[in-house]
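The sequence and structure come before the details.

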Amino acid sequence: MASHRRPKQPSRARVTVLTTAAAAAVAFSAQAANAAPSEKPTKDEVKAKVDKLYEQAEQATEKYNGAKEKQEKLQKEISTIQDNVARGQEELNELRDSIGLAAAAQYRTGTIDSSLQLFLSSNPDDYLDKASTADQLSAQQVEALKKIQEKQRELAQERSEASEKLKDLASTRTELGKKKQEVQGKLAEAQKLLNSLTAAEKAALAAEQERANRSSSSRVDLGDAPAGSSRAMAAFQAAQSKIGSPYVYGASGPSSFDCSGLTSWAYAQAGVSIPRTSQAQATIGTRVSMSELRVGDLVFFYSDIHHVGFYAGNGQVLHAPRTGTTVRYESINNMPFQFGVRV
């Protein structure tokens, strides 16, 4: 016979817990329902973030340019040292051959000098010490041995120098790769933000940029601005000829430029060689204040000096601003001015 038991009643504590949990769930659902959806950044907010990323990309670009310039310099130095080593080795071989021929002649006549024989199979330093005291070599042979010793030391030193420069080159190439990745990462992040905009917002931003390029691309009135030297003016005019050329990081002309690429290229057209990076360009010539600027002077911006352009007169700068822009004029007050340099 089946037993009929009452179902077990839940304890008062369990009922309280369940009730509390249910109430919390209802409250959470209500909060979630009433919570404002995450707001999409506005076009202006996206533009501000993108501009910041472009500035950071330019900072990395100048470091990239510095590493690239160092790499090219090291490669030239290493090539020169390797050429010197090759020539030095040929000279050393000729000196050794001359000693060997002398030994062979003595051997054929049966009069080979025992000290010369010692040289041919041992260290020349030890040999010279012994030979000089024993007076067993002719003056000509001693002189030849001294030349061999000197050439061996030169080659050892040059090989050591080449080895150190090769290590430096390897680390420079690593740094160059990292800076390139950093620039590309910033640009990719900026592009991702731009891609988040609607078609209408993208069109509005593009129109703003086009207006900025167009309004800044015409020749400015220099007014009473004092002109720089003939070479500074020649460099400035070369830069003027590139108005409308696109900004491309790491580019130094003739069809695209970054900021220091434009200034170094323009001065090269005037027959003046200046360093490649903005930080290095800031160390040449005479430093001048804003009130002392002349047309053609280099002008530097931001506390870390990662941007450079030409002073164009009337408070205007001619420069390659950043990714997405072209070489153009712009107010000197649009960026934090640091100082000018008269090359």
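## Strand pairing

Two strands are taken as paired if DSSP finds at least two bridges between them. In this predicted model, strand β3 (residues 307-313) and strand β4 (residues 316-319) run antiparallel and are joined by 3 bridges. Within this pair, Tyr-311 stands opposite Val-317 in β4.

β4 also pairs with β5, again in the antiparallel sense, over 4 bridges. Here His-319 has Arg-328 of β5 as its bridge partner.

## The β3-β4 hairpin

The hairpin formed by β3 and β4 has 2 residues between the strands. Asn-314 lies in this loop and has a positive phi of about 55°, although it is not a glycine. Is Asn-314 buried, partly exposed or exposed? With a relative accessible area of 46%, Asn-314 falls in the partly exposed class, which runs between 20% and 50%.

## Other backbone features

Tyr-302 is a further residue other than glycine with a positive phi, in this case near 75°. Its place is the loop between β2 (298-301) and β3. Tyr-302 has a relative accessibility of 18% and therefore counts as buried, the cut-off being under 20%.

The peptide bond from Gly-253 to Pro-254 is cis, with omega near 0°. Pro-254 sits in the loop between α7 (230-240) and α8 (259-269).

## Largest pocket

The largest pocket has a volume of about 600 Å³. Its lining comprises 26 residues, and those nearest the centre are Lys-47, Asp-51, Tyr-54, Gln-209 and Arg-322. By class, the lining residues divide into 9 nonpolar, 8 polar and 9 charged.

Which helices and strands each supply at least two residues of this lining? They are the helices α2 (43-108), α5 (139-195) and α6 (199-215), together with the strand β5 (328-331).

## Chain as a whole

The protein chain contains 9 helices and 6 strands. Of its 343 residues, 38% are buried. The accessible surface comes to about 19900 Å², and carbon and sulfur atoms account for 51% of that area.

Among contacts between residues at least 6 apart in sequence, 68% join residues at least 24 apart.

Note on methods
Residues numbered from 1 in each chain as written. Predicted model: local features only at pLDDT ≥ 70, side-chain atom pairs only at ≥ 80, totals over all residues. Heavy atoms only, no water. 1 Å grid on protein atoms, 1.4 Å probe; cavity = no way out; pocket = protein on both sides within 12 Å on 5 of 7 lines; lining within 4 Å. Points joined across faces, edges and corners; volume = space filled by probe spheres on them. Nonpolar A, V, L, I, M, F, W, Y, C, P; charged D, E, K, R; others polar. Buried < 20%, exposed > 50% of the residue type's maximum accessible area, 1.4 Å probe, protein only. Contact = heavy atoms within 4.5 Å. Areas by Shrake-Rupley, 256 points an atom, 1.4 Å probe, with all protein chains shown as cover.
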